[in-house]
Amino acid sequence: MSQPSVRVLKSTPSNCLLHRLQFRHSTPRYKHNALQQPNHHRTLIAAPTPDSGPLMSRRSDRALPSIKTSWSVWAKTFPIFLVIVTVSALGIFNYQKSSSSIVAATLYALRTSEIGRRELGDEIYFRDMLPWIWGEMNQLHGRVDIEFGVKGTKGRGLMRFKSERKGRMGKFETKEWSLKTEDGRYIQLLDAEREDPFRNMTQQTEG
């Protein structure tokens, strides 16, 4: 029985080069771009306008609305802001004055004064619902000069209190404690024959 003959090719340089060319053409070639997914481009959506109706959906790539920064807007709003800040600061300082011990002591002294009750009557208190304390109240430098409206069951008036301190270690001394009535009369509430009713108050203020 005859056996099939096997043809053996000699390994020559030409045969190796031919084998490489055949393998290269038979192997499928994949491009890098073929593996990438197609790039879809979405157009930008215009920003909504006041007449465009309700915005039912939002997209992250929509155009942003334009911001109007005009100097005319600042020129109109800055004076209003400045007025609000100034009025608020004055209100805070006035509240500190009205709630101080000096104002409370002058009101108490006016209620217990015979001259004050004779001119204003009973239930002496601030004249206005929101009292405004005019003048200076500088206890650190020893100067107190204030006035504010008061009222009672008989009438109304403007009370003034002035006290000064001589020297850094000195004591406060009452210079004036008067009442101006509605008819224009000035009445001195500080009686020379009686002791200064604010002496104890000024000593407590210093301490």
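Reply: A residue counts as buried when its relative accessible area is under 20%, and as exposed when that area is over 50%, with partly exposed in between. By that cut-off Leu189 is buried, because its relative accessible area is 4%. Please keep in mind that this is a predicted model.

Me: Where does Leu189 sit in the fold?

Reply: Leu189 lies in the loop that runs between strand S6 (186-188) and helix H6 (199-206).

Me: And what does Leu189 touch, leaving aside its neighbours in sequence?

Reply: Beyond four places in sequence, Leu189 is in contact with Leu110, Ser113, Ile115, Gly116, Trp177, Ser178 and Leu179. For Leu179, which is ten residues away along the chain, the separation from Leu189 is 6.9 Å between C-alpha atoms.

Me: Which residues of H4 are buried?

Reply: They are Ile102, Val103, Ala105, Thr106, Leu107, Ala109 and Leu110. As for the geometry of H4, its twelve residues should span 16 Å at 1.5 Å a residue, and the end C-alpha atoms are 16 Å apart, which agrees.

Me: Is the pairing of S3 and S4 parallel or antiparallel?

Reply: S3 and S4 pair in the antiparallel sense over nine bridges, and they form a hairpin with four residues between them. Lys151 stands opposite Arg156 in S4.

Me: What about S4 and S5?

Reply: That pairing is antiparallel over nine bridges. Met159 has Leu179 in S5 as its bridge partner, and Gly157 stands opposite Thr181 in S5. S4 and S5 also form a hairpin, with six residues between the strands, and Gly167 in the turn has a positive phi of about 85°.

Me: And how many bridges join S5 and S6?

Reply: There are three bridges, and S5 and S6 pair in the antiparallel sense. Leu179 stands opposite Ile187 in S6. This hairpin has four residues between the strands, and within it Gly184 takes a positive phi near 90°.

Me: Why is S5 largely enclosed by the rest of the structure?

Reply: S5 is described that way because seven of its ten residues are buried.

Me: Which residue other than glycine has a positive phi?

Reply: Glu123 is one of them, with phi near 55°. Glu123 is found in the loop between helix H5 (114-120) and strand S1 (125-126), and it is exposed, with a relative accessible area of 68%.

Me: How many aromatic pairs are there?

Reply: The structure holds three. One of them joins Tyr125 and Phe126, an edge-to-face pair with 5.1 Å centre to centre and 70° between the planes. Tyr125 is partly exposed at 47% relative accessible area, whereas Phe126 counts as buried at 8% relative accessibility.

Me: Stepping back, what pattern does the protein follow along the sequence?

Reply: The pattern reads α-α-α-α-α-β-β-β-β-β-β-α, with six helices and six strands. Buried residues make up 22% of the 207 residues.

Me: Last topic, confidence. What is the average pLDDT?

Reply: The protein averages a pLDDT of 76, and 63% of the residues score at least 70. Over residues 30-35 pLDDT stays under 50, and the model has zero contacts beyond four places in sequence for that stretch. Where pLDDT is low, the predicted coordinates should not be read in detail.

Terms used: Residues numbered from 1 in each chain as written. Predicted model: local features only at pLDDT ≥ 70, side-chain atom pairs only at ≥ 80, totals over all residues. Heavy atoms only, no water. Phe/Tyr/Trp six-rings, centres within 6.5 Å; stacked < 30°, edge-to-face > 60°. Buried < 20%, exposed > 50% of the residue type's maximum accessible area, 1.4 Å probe, protein only. pLDDT = per-residue confidence, 0-100. Contact = heavy atoms within 4.5 Å. Helix = DSSP H or I, 4+ residues; strand = E, 2+ residues; numbered from the N terminus. Expected span 1.5 Å × (residues − 1). Pairing = 2+ DSSP bridges.
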